[in-house]
Structures are given as structure tokens and as C-alpha cells.
Amino acid sequence: MGRRTGDETRALLLRVGMQMLLERGVSAGVQHIRLQEVLRRAGLTTGAAYRLWADQNDYQRDLAVAMVRLRLSSPADYARVAVDKLIADGAPGDDIIRAAAEAHVRTSAVDVTDPTDAVDAQQFLIALALRTTADTWPELKEASRQRHHESIAAFAEFYAYLMEAYGLRMKTPLTVTDFTEAMAAMGEGFAVRAMEGLEHPVYHAAEDDDVPTGEWTLFALGVRALVNEFMTPIDAAARMPFADAPVTPETPIAPAP
């Protein structure tokens with residue numbers, strides 16, 4: 001095997017550092033990823049690293065940026081998986097809200113059984129934790145902004161798909177991007193609570209309660225409130241289909257983009 005180039009060595013050491021972050025979880029933080037340990041795991045000498053980074057702080061900065069930029073799946077994939085079959089089966093809008101919200105709550109708590117999904121959830125939480133410290137380095141702030149814009153674009157497309165499926169439009173002068181930004185703020189806020197070890201509230205609504213019957217996470221109720229405030233049926237005379245009525249056979253179901 002030929003000798004690695006500087007770029008190849010840099011990519012290897014960042015990849016090893018990211019793997020260590022994923023193994024150790026959110027609590028580790030880049031400050032606990034020591035360059036000497038990364039070098040040992042990669043089977044390289046100290047000189048290989050210090051030709052690329054002036055010191056450990058420089059390496060940790062680049063590691064934080066690389067971790068924030070890492071995507072193991074598309075941002076909205078977990079939500080699509082949770083609701084696509086429900087939509088195809090003509091499920092009521094409340095069922096869509098509950099399923100998507102529950103998937104987010106599980107992801108935030110890394111409460112998933114599939115090992116691949118667990119790693120994906122871990123990566124999301126680590127990146128979110130790093131983004132809360134974006135002021136540490138200008139490069140990290142820029143990476144954080146880029147990740148945010150990518151996520152907003154992906155979820156805006158997903159919400160537009162749901163709106164078309166359930167015959168909804170945004171209330172003027174609001175846009176689907178406005179709705180997506182509000183959803184992101186709420187979703188990421190609950191994810192931060194999960195990292196703090198705070199249990200997510202769950203409610204069991206009976207028939208005589210004001211909240212629709214069934215089990216609701218607090219996040220799902222927040223989503224429902226946003227849907228009702230941001231969206232309205234395209235047919236103004238119709239009931240709010242996304243909030244409380246099933247899709248009819250005549251309702252067009254948009255294919256997933």
C-alpha cells in the first residue's frame with residue numbers, strides 16, 4: 001500500500017475521532033477526544049498529526065466541524081418512515097402527528113432498537129450538542145448554520161408533501177418554511193431536554209377530555225397546535241383534515257419526492 005497523502009491522513013484521523021464520539025455519546029464532547037488516543041487507534045505516530053494540526057485544540061475544532069457536517073441519513077427520513085404507510089392507508093391526521101412526534105421523541109432519547117437507527121440518533125444528538133457551542137469557533141458556527149439550512153429544506157419538503165396529501169395550505173402570510181422553523185425550534189428544544197435527562201411528558205386523553213382521545217406526547221400536542229395555527233384547508237368549508245378527520249378516497253396522496 002502506498003503512503004497516505006496529508007488529506008488522506010487528515011480524513012482518517014477525523015473519521016476515527018468521530019467513531020470515538022459515536023461510541024462514547026453526547027457526554028464525551030470533542031474536548032474528551034485526545035489526539036494521542038486517536039493516533040493510537042489509527043496506528044499512526046504523533047508526527048503524522050502535528051504535520052496537519054498545530055495542537056490538540058486545532059484537531060478538536062476540525063473534529064467538531066466534521067461531526068456537525070456528518071449525515072448518516074437524510075434529515076426527514078425517520079419521520080417519513082413513521083408515517084408513509086399511515087398516509088397510504090388513509091389514517092386520520094392526528095395519527096400522523098402522533099406517529100411522527102413519537103419517532104422524534106424516541107430518536108432524541110436514543111430509544112430505538114435498530115442498531116443503525118441508534119447510531120443515527122446518537123449522531124443527531126452529538127451534532128445538536130456541538131451546535132449549542134457554535135460560538136466556540138467561527139468554522140463550527142458556519143457548519144452549524146449549513147446543517148440547519150439543510151434540515152429546514154428537507155423538512156419543508158416533507159411538510160409540503162403532508163399538506164398536499166391532506167388538502168392543506170399555509171395561512172397567509174405564513175410559509176411552509178416558517179412552519180418548519182417553528183417545528184425545528186420545538187423539536188430541538190425537546191431534544192436538549194432529553195439530553196438533560198428530563199422525561200418527556202405523555203398524556204392519556206379520555207373521551208370527556210378536551211384533548212382528542214388517545215395517547216399524546218407533549219411534543220405531539222405542540223405539533224398539533226402549530227398545524228392548526230399555521231395551516232388551513234384548501235377548501236375553506238371543509239373540516240381541518242390534518243387535525244381531526246381521515247383522508248377520504250378522493251383525497252390525492254402525493255408521492256414521496
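Arginine 131 is buried, because its relative accessibility of 17% falls under the 20% cut-off. The model is a predicted one. Arginine 131 forms a salt bridge with glutamate 188, and their closest N and O atoms are 3.2 Å apart. Arginine 131 belongs to helix H7 (residues 115-131) and glutamate 188 to helix H9 (residues 176-195), so the bridge ties together parts that lie 57 residues apart in sequence. Glutamate 188 is partly exposed, at a relative accessible area of 23%.

**Overall make-up**

- The protein chain holds 11 helices and four strands.
- Of its 257 residues, 45% are buried.
- For contacts between residues at least 6 apart in sequence, 66% join residues at least 24 apart.
- The chain has an accessible surface of about 13600 Å², and carbon and sulfur atoms account for 53% of that surface.

**Salt bridges**

- The salt bridges number 12, among them the pair of arginine 131 and glutamate 188.
- Another of the pairs is aspartate 62 with arginine 10, where the closest N and O atoms are 3.0 Å apart. This pair links distant parts of the chain, with aspartate 62 in helix H4 (residues 56-69) and arginine 10 in helix H1 (residues 6-24), 52 residues apart.

**Helix H6 and serine 108**

- Serine 108 is part of helix H6, which covers residues 93-108.
- Serine 108 has 5% relative accessibility and therefore counts as buried, the cut-off being under 20%.
- Leaving out residues up to four places away in sequence, serine 108 touches Phe124, Leu125, Ala191 and Ala194.

**Helix H7 and valine 119**

- Valine 119 is found in helix H7, the helix that also holds arginine 131.
- At 38% relative accessibility, valine 119 is partly exposed.
- When neighbours within four places in sequence are set aside, valine 119 is in contact with Leu22 and Leu72.
- The C-alpha atoms of valine 119 and leucine 72 are 8.4 Å apart, while the two residues are separated by 47 residues in sequence.

**Helix H8 and glutamate 157**

- Glutamate 157 sits in helix H8, residues 138-165.
- Glutamate 157 is partly exposed, having 41% relative accessibility.
- Between the C-alpha atoms of glutamate 157 and threonine 180 the distance is 9.4 Å, and these residues are 23 apart along the chain.

**Loops, a cis peptide and a charged patch**

- Most peptide bonds are trans. The bond that joins threonine 172 and proline 173 is cis, with omega about 0°.
- Proline 173 is located in the loop between strand S1 (168-170) and H9.
- Glu207, Asp208, Asp209 and Asp210 form a negative surface patch.
- One of these residues, aspartate 209, lies in the loop between strand S2 (202-205) and strand S3 (214-217).
- Aspartate 209 has a relative accessible area of 37% and is partly exposed.

Notes: Residues are numbered from 1 along each chain as its sequence is written. This is a predicted model: local features need pLDDT of at least 70, side-chain atom pairs count only at pLDDT 80 or more; totals for chains, interfaces and linings use all residues. Side-chain values use heavy atoms; hydrogens and water are left out. Helices (H or I, at least four residues) and strands (E, at least two) are DSSP runs, numbered from the N terminus. Buried means under 20% relative accessible area, exposed over 50%, partly exposed in between (1.4 Å probe, protein chains only). Contact means heavy atoms within 4.5 Å. Patches are made of residues with over 30% relative accessible area and no salt bridge: like charges are joined within 9 Å, nonpolar side chains (Val, Leu, Ile, Met, Phe, Trp, Tyr) within 5 Å. Accessible areas come from the Shrake-Rupley method with a 1.4 Å probe; for residues, only the protein chains shown count as cover. A salt bridge is a side-chain nitrogen of Lys or Arg within 4 Å of a carboxyl oxygen of Asp or Glu. Lys and Arg count as positive and Asp and Glu as negative; His and the chain ends are not counted. The place of a charge is taken as NZ of Lys, CZ of Arg, CG of Asp or CD of Glu.
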